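Subject: A structure for you to look at

Hello,

Here is the structure I promised to pass on. Please have a look at it first, and then read my notes below.

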There are 2 protein chains.
Amino acid sequence: MTLAERVLDGDVRAAARLMRDIDDRFKSAVEELKTLYPHTGNAYILGITGPPGAGKSTLVDQIVAAFREKQLRVGVVAIDPTSPFTGGAILGDRIRMNRHADDPGVFIRSLATRGCLGGMSRSTMDVVNVMDAMGMDVVIVETVGVGQDEVDIVSTAHTTAVIMVPGLGDDIQAIKAGILEIGDVFVVNKADRDGADRTARELSAMLEMKHPEPGAWLPRVLQTEGCRGVGIAELMEEFEAHRKYLKASGALQHLIEERNAKLFSDTLREELFDTVFGAIKENGRYQEILDGLRDRSTDPYTAVEEVLAARAFP
Amino acid sequence: MTLAERVLDGDVRAAARLMRDIDDRFKSAVEELKTLYPHTGNAYILGITGPPGAGKSTLVDQIVAAFREKQLRVGVVAIDPTSPFTGGAILGDRIRMNRHADDPGVFIRSLATRGCLGGMSRSTMDVVNVMDAMGMDVVIVETVGVGQDEVDIVSTAHTTAVIMVPGLGDDIQAIKAGILEIGDVFVVNKADRDGADRTARELSAMLEMKHPEPGAWLPRVLQTEGCRGVGIAELMEEFEAHRKYLKASGALQHLIEERNAKLFSDTLREELFDTVFGAIKENGRYQEILDGLRDRSTDPYTAVEEVLAARAFP
């Protein structure tokens, strides 16, 4: 049996192996993903993002538990920014969601970013597809929402929850502006801290300025205390309400199609570049270009045009 | 006279116009950039990055003034993360470096990010090249260092200064780990605040763990108060020391070549994708692929392989 067949059979170890192969960019992984693709499109994809220290992992832990109570199988993909200094994933040494470690209905996978946006976004979609194909009802994608790359990654989720904390101060408002657009639900976590009500009010006020079209989803601001489980039930109800809205409005089908189109174009961008760059490295053209750039007998733009025109690739 | 010829003549308005054309992705801009390329490679490129609220703009203002005192011409490229909500650049409404507005030796340009990493990195390099070709002695690239994209952008600078502030707390340490590697100089700004010494000590301790090779540059941690100009003279000395180190060690030449190679490969990635994606949209192949993805008669990976094999592009 191929890895993909074993994944479709629900073999957790085969899924873990395939995800490692995806991470390592094995060519064989692409063949397995082809087999899995017709079996995807069923999982509900939930994106969780927010700044470092917002308590996302604790909150995800509570959300996983709540889905498990409903007998739903849950996959979690946690995107860890890699430190180029230590070589390790930043969250890697934390003990993540320990209480779900022995639950066969929960599958947790950390992906370390390697400073490659396009690649990261694609790897995440591939891993979500594996979890989807292996029958997970819900797949949660957790990212540290500090840059455009993370925003990009959660943009392929069906429902995106943006997690904030009180008292991050005005300095962090700049980040907020960038993620206001992507949230379907906003959560002020650590709501027992001073300033939670104020942060929630400010967020609500910013959201009200958006002037949504009639019939559009209106994101709400909820308050939670991840550590004590406060507000989780209401948050789950909001997720369910958003999922129902997506289904009823036809937006879910649109999101699924957009996600597949993005997976295609991300893959195309990457494969095209890898193919052509590999070819000009192989046939010596790249070295000629580097020499030309050094002595200024060519320039980067002309060199690109020449590569495109010469079809100096297989 | 072409725009490029006017830029080489030092025409500030022509340079501003060309930068707008680069921002708008005008094809004509590429022709101008070709003309300018042989005249680049002379400016000293200084990258300034750090989290929102670290006081980067104020510090850059002081650094510009210090370079001006030495009669050096200074270009500043400020990368503004765009809010997809307002459509505006986040820093756009701030009054930036007002006191240099009438100084012909200072050229300031804001670039709004549009959620496209490869494109942003390339646009920044293009704009730096325009400033370089027009005779700026120093070009400062200022980014909000919150994500991989910004790290990527400052990685093409000759000297990179990472700006921190005291008291951002342990939560922000995760970000620090990612930028430890890219800093040639570390600055604890707002050094009059509580905890400045502690933050500086912690940074120094983390840097000492790096075990650099013999003869390698050892990044130092400086303290400044941007608002009052405290520590700026020492910071300028450190920039000068690093520049001398780069020249003496041959690393500067290497950095210049790496930067040109990156401009080539970024341009290649973008042009390849634009060309092929444009072609399959034009000839109807893309719509067929979307239909196939929807009814699951194809998958994204097979579709990419077929596009590559069919050379369904001009």
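A crossover counts as right-handed if, when the strands point away from the viewer, the path from the first strand over the helix to the second runs clockwise. Keep that in mind for chain B below. Please also note that this is a predicted model.

Let me start with chain A. Its 314 residues are 46% buried, and the chain holds 12 helices and seven strands. Among its contacts with a separation of 6 or more, 74% are between residues 24 or more positions apart.

Ala78(A) counts as buried because 24 other C-beta atoms lie within 10 Å, where the cut-off is 20 or more.

Now to chain B, where the right-handed β-α-β unit consists of strand β6(B), helix α8 (residues 196-208) and strand β7(B). Strand β6 (residues 185-188) pairs in the parallel sense with β7 (residues 220-223) over four bridges. Strand β5 (residues 159-164) of chain B also pairs with β6(B) in the parallel sense, over four bridges.

Which way do the residues of β6(B) point? Val185(B) and Val187(B) point one way, Phe186(B) and Val188(B) the other, and all are buried. In a regular strand, side chains alternate between the two faces of the sheet.

Best wishes

Technical notes: Residues are numbered from 1 along each chain as its sequence is written. Chains are lettered from A and ligands numbered from 1 in the order in which they are written. This is a predicted model: local features need pLDDT of at least 70, side-chain atom pairs count only at pLDDT 80 or more; totals for chains, interfaces and linings use all residues. Helices (H or I, at least four residues) and strands (E, at least two) are DSSP runs, numbered from the N terminus. A residue is buried if 20 or more other C-beta atoms lie within 10 Å of its own, exposed if 12 or fewer, and partly exposed in between; C-beta atoms are placed from the backbone. Two residues are in contact if their C-beta atoms, placed from the backbone, lie within 7 Å. Two strands pair if DSSP finds at least two bridges between them.
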